[in-house]
Amino acid sequence: MKKVKIDPGHGGKDPGGVANDLQEKNIVLDISKEMKRYLDENYTGHETTLTRTTDVFIELAERANIANRENADVFISNHVNAGGGTGYESFIYTKPSSGSVKLQESINAEALATAKKYGLGPHNDDKKQGDLAVVRQTNMPAVLTEIAYIDSKDADLLKNNNFIKDMASAYARGVAKYLNLPAKIVTAQKEEPKVAERDINKVSPWAEKDWEEAQANGYFDGTRPGATITREESAIVTNRLRRNFLKLIGNNVADIKALEARLQEIEKEEQ
């Protein structure tokens with residue numbers, strides 16, 4: 001089981017870069033959570049955790065210590081740049097391990113391909129090295145990302161939720177490729193067989209004769225042969241049958257009302 005430690009930079013009393021109604025600490029927390037979601041939904045064989053999941057302050061050394069104590073396999077610290085530039089870049093330590101170099105290459109390949117779709121390129125050399133605490137003090141391959149600039153035209157992208165999600169997903173794919181995480185197998189759901197819709201205005205072949213006969217005898221008006229009969233319609237048909245039946249057994253007796261009264265008595269007795 002590979003352990004992925006994601007570090008949302010800054011937090012709490014340390015907002016990071018602030019400009020254009022944006023705060024770095026909030027953006028990187030969104031990116032980091034989206035990274036975890038994407039990894040967990042699309043890959044197996046790993047455990048993904050964050051150094052912080054809320055707006056709290058954590059010292060730089062403690063961020064590295066958290067990853068070291070948990071024996072993480074990779075460490076990714078997410079940040080937003082500032083200084084009036086533009087573009088994506090990432091950092092590894094000035095004396096990097098071969099793992100850090102490969103991790104940076106894997107994340108950069110995915111991130112730059114995605115950024116290009118939004119018209120964003122690399123900020124000069126995207127494969128930078130720096131004496132940064134979180135990549136220096138971690139014992140595992142570690143990369144610090146700078147998604148874009150908060151105080152330049154890049155801010156429009158940082159306000160775009162689709163850009164944030166797509167870049168976070170790109171970071172996740174880069175990590176997954178570096179660790180060779182197995183992709184989740186999605187089982188295709190079987191579609192329920194579609195039931196052909198009934199045309200209620202057409203009579204079914206097996207009922208044609210009886211339907212014609214019922215029309216001829218005045219029980220139905222000939223419309224909507226395939227429709228569900230309502231209780232109101234049932235009452236009409238039942239009473240027509242009832243009256244006709246009384247006339248039939250009355251055998252031309254003029255006083256049908258007497259038969260009607262007797263039938264009502266019988267019906268009450270049956271209740």
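For polar contacts I take a pair of N or O atoms within 3.5 Å; within protein, one must be able to donate a hydrogen and the other to accept it, and residues adjacent in sequence count only if both atoms are side-chain atoms. This is a predicted model, so I keep local features at pLDDT of at least 70 and side-chain atom pairs at pLDDT 80 or more, while totals for chains, interfaces and linings use all residues. Numbering runs from 1 along each chain as its sequence is written, and side-chain values use heavy atoms, without hydrogens and water.

Entry 1, R69. I found R69 in helix α2 (residues 60-69); helices are DSSP runs of H or I, at least four residues, and strands runs of E, at least two, numbered from the N terminus. Its side chain makes a polar contact with the side chain of E62, at 2.8 Å. R69 counts as exposed because its relative accessibility is 54%; the cut-offs are over 50% for exposed, under 20% for buried, partly exposed in between (1.4 Å probe, protein chains only).

Entry 2, β4. Which residues of strand β4 (residues 46-50) sit on its covered face? I get H46, T48 and L50, with E47 and T49 on the uncovered one. β4 pairs with β1 in the parallel sense over five bridges; pairing needs at least two DSSP bridges. K3 stands opposite E47.

I listed its contacts (heavy atoms within 4.5 Å). Leaving out residues up to four places away in sequence, V175 touches V4, M35, V74, I76, L103 and I107.
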